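Subject: Structure handover

Hello,

Here is the structure I promised to pass on. Please open it first, then read my notes below.

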Amino acid sequence: MKAVDDVSFHIDRGETFGLVGESGCGKSTMGRTIIRLYNVTGGEIFLDGTNLTAMSEKNLLPFRKRMQMIFQDPYASLNPRMTVTDIVGEGILVHNIFKDRERQERIFELLDYVGLKREHANRYPHEFSGGQRQRIGIARALAVEPELIICDEPISALDVSIQAQIVNMLEDFQDEMKLTYLFIAHDLSMVKHISDRIGVMYLGMFAEVAESYELYAHPQHPYTRALLSAIPIPDPDLTRKNKRTILRGDVPSPIDPPDGCRFATRCPLVSDLCTKATPELIDKGAGHFVACHNV
Amino acid sequence: MSGEPLLEVKNISTSFFSHLGEIQAVRGVSFYLNRGDVLGIVGESGSGKSVTALSIMGLIEKPGKIKQGEIIFNGEDLMKKSQREMCELRGNEISMIFQDPMTSLNPVYRIENQMVEVIRYHNRNLSRKKAVAQAVEMLRLVKIPEPEKQIKSYPHEFSGGMRQRVMIATALSSNPGLLIADEPTTALDVTIQAQILDLMNDLRARINASIILITHDLGVIAEVCSRIIVMYGGTIMEAGNERDIFYNPQNPYTVGLHQSIPSNLAISEKRLVPIRGTPPNLMYPPKGCPFSPRCSYTMRICLEEAAPTIRLSDTHISVCWLLHENAPKINGYSKGKIVDRYKTPSGS
């Protein structure tokens with residue numbers, strides 16, 4: 001099964017690149033492949049000019065410090081038998097950054113950053129709410145002073161009122177620490193809010209890549225259009241005006257993807273060519289890339 | 001549709017008596033639903049919206065208990081009915097669909113068997129052949145392609161969206177007076193969610209179903225609901241029609257919810273305005289208003305006494321001290337008359 005197939009993109013330093021798509025489109029696989037939680041079966045990954053694709057675990061260690069990850073499920077991603085100190089401090093230990101008292105001081109500082117208290121340091125994950133756990137996950141990611149953070153659906157499991165807290169915090173940290181984010185989510189309105197550029201994925205490939213505002217203002221790929229029109233808008237007047245494109249059927253299985261364009265089975269614009277040739281991602285000007293024969 | 005409302009919920013409280021203590025999941029909730037209406041209940045996890053629905057269905061099991069209140073459906077008090085009578089009612093007159101369509105369907109039986117079982121349970125004189133024909137018609141109604149063939153499938157052969165269609169078809173097969181949908185689209189992708197919401201709007205028009213839709217997503221509410229209840233900490237915070245809740249919210253919690261989500265069309269350079277803090281622990285709910293520890297306008301009385309229900313218009317009520325005539329005037333918030341929350345149905 002090719003979860004991600006022949007996808008190329010770059011993220012600039014200090015940028016937030018949003019990756020959106022429905023379940024099974026390969027967005028999480030992409031994030032996990034970049035930090036080499038999965039091994040690449042074809043293609044290359046460069047961090048700051050260094051090729052990470054075939055690097056040994058040992059050589060990879062210093063690069064792992066520069067890339068961290070925040071996971072979707074704040075319940076599953078924290079070890080229930082470890083205290084907050086152990087969780088947040090593990091990276092500091094592995095990368096040998098601080099020892100003993102300095103390490104503890106750094107952990108307190110990190111807890112402070114993410115809005116937790118010093119007395120939380122000796123507690124276990126089950127003593128915290130979902131939002132607080134996600135803060136612990138963020139403190140863990142920040143502990144080794146990374147440059148790139150892969151945020152894999154960091155807010156999907158949280159309540160609406162807590163989501164905004166976490167998003168604001170991630171934005172603040174990006175400004176203060178000059179962080180680069182790969183922000184993976186299925187909630188398009190939040191992705192638009194936080195991202196500079198966005199890539200829309202469908203069945204393991206990019207359908208469209210563009211600057212955030214450009215993508216929402218002038219979506220070109222029929223899948224992007226359908227996806228955008230499907231977002232329920234919390235404004236009944238706009239909802240009534242919104243001309244919705246309802247897609248037929250479901251996403252095909254990635255084990256046996258359709259020939260040609262992968263969106264052809266559900267596309268309202270489908271033509272003969274679409275079922276024969278896979279469209280390339282072509283620059284339509286100003287960094288707006290679209291993979292479609294018909295636009 | 002005039003006359004008696006289809007459903008009246010009067011001051012119900014439901015608690016769960018765990019070893020840790022009493023979790024007061026629903027605390028004095030009252031509302032009503034007219035025939036043909038689609039009522040949305042919106043709230044975050046732990047707001048009591050699902051427990052309210054389960055209380056109506058009579059599905060609260062030990063250690064849970066409905067402590068007080070009345071649930072009047074079609075003129076009858078459901079609280080006075082026996083377990084057996086409730087069994088007859090459930091699926092026949094009130095149906096419910098749940099968030100996760102996979103766990104709601106039995107993986108080892110074909111769709112046909114599961115639908116026919118429900119149809120014949122509620123109509124025992126029906127032959128199997130006729131029940132199958134009815135099931136096929138229901139699948140056609142929810143737009144499953146080739147229903148005669150698809151009905152032979154097992155649940156795992158269907159995608160999440162298709163399974164939710166099967167659940168809706170099964171729930172509607174007895175032509176219930178009331179359909180309760182608890183987060184029916186939360187587990188689905190947006191394009192599939194759009195299909196299901198489209199279907200619900202279509203069904204609402206075609207079979208004049210009365211629906212209670214429970215969700216955490218104000219966007220979903222905006223798509224299908226004509227009346228809306230906002231819940232928080234086990235209580236109703238605000239109730240009104242679509243215009244009231246979306247364009248003239250009169251409760252700081254509702255306003256906070258709106259400000260927490262990025263608006264869809266504006267260029268969102270604007271920072272989000274989160275609600276600080278976390279929802280209350282319902283084992284020890286705040287003494288006064290449940291939102292008082294997180295509210296920007298908290299007054300002393302908010303911490304000490306439960307807020308009064310204040311009527312702002314024929315359709316709109318809000319449970320908040322800020323709207324009381326003795327409270328300071330805050331921009332954007334109006335004043336209204338205190339009404340008895342148990343006698344006056346919330347909403348229209």
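A residue counts as buried under 20% relative accessible area, as exposed over 50%, and as partly exposed in between. E304(B), with a relative accessible area of 41%, is therefore partly exposed. Please keep in mind that this is a predicted model.

E304(B) has a charged partner. Its side chain meets that of R300(B) in a salt bridge, at 3.8 Å from N to O. Both residues sit in helix 12 of chain B. They are 4 residues apart, about one turn of the helix. R300(B) counts as exposed, at 66% relative accessibility.

There is also a network to look at. R13(A), D48(A), R66(A) and E147(A) are joined into one by salt bridges that share partners.

Next, a pair within chain A. D152(A) and R32(A) form a salt bridge through their side chains, with 4.0 Å from N to O. D152(A) belongs to strand 5 (residues 148-152) and R32(A) to helix 1 (residues 27-34) of chain A, so the bridge ties together parts that are 120 residues apart in sequence. D152(A) is buried, at 4% relative accessibility. R32(A) is partly exposed, at 25%.

D172(A) lies in helix 6 (residues 160-177) of chain A. R271(B) lies in the loop between helix 11 and helix 12 (300-304) of chain B. D172(A) is partly exposed, at 27% relative accessibility. R271(B) is partly exposed too, with a relative accessible area of 45%. Over all chains, the count comes to 32 salt bridges.

Now the sheet in chain B. It is open and has 9 strands, in the order 6-7-8-3-9-10-12-11-13, with mixed pairing. Strand 6 (94-97) and strand 13 (337-339) are its edges, and each pairs on one side only. From one strand to the next, the twist averages 25 degrees.

Look at strand 3 (residues 38-42) and strand 8 (residues 210-215) of chain B. They run parallel and are joined by 5 bridges. I41(B) stands opposite I214(B) in strand 8.

Two helices of chain B lie across strands. Helix 11 (residues 252-260) lies across strand 9 and strand 10 (235-241), at about 95 degrees to strand 9.

Best wishes

Methods
Residues are numbered from 1 along each chain as its sequence is written. Chains are lettered from A and ligands numbered from 1 in the order in which they are written. This is a predicted model: local features need pLDDT of at least 70, side-chain atom pairs count only at pLDDT 80 or more; totals for chains, interfaces and linings use all residues. Side-chain values use heavy atoms; hydrogens and water are left out. Two strands pair if DSSP finds at least two bridges between them. Axes are lines fitted to C-alpha atoms, for helices over the stretch in contact, and angles run from 0 to 180 degrees between N-to-C directions. Contact means heavy atoms within 4.5 Å. Buried means under 20% relative accessible area, exposed over 50%, partly exposed in between (1.4 Å probe, protein chains only).
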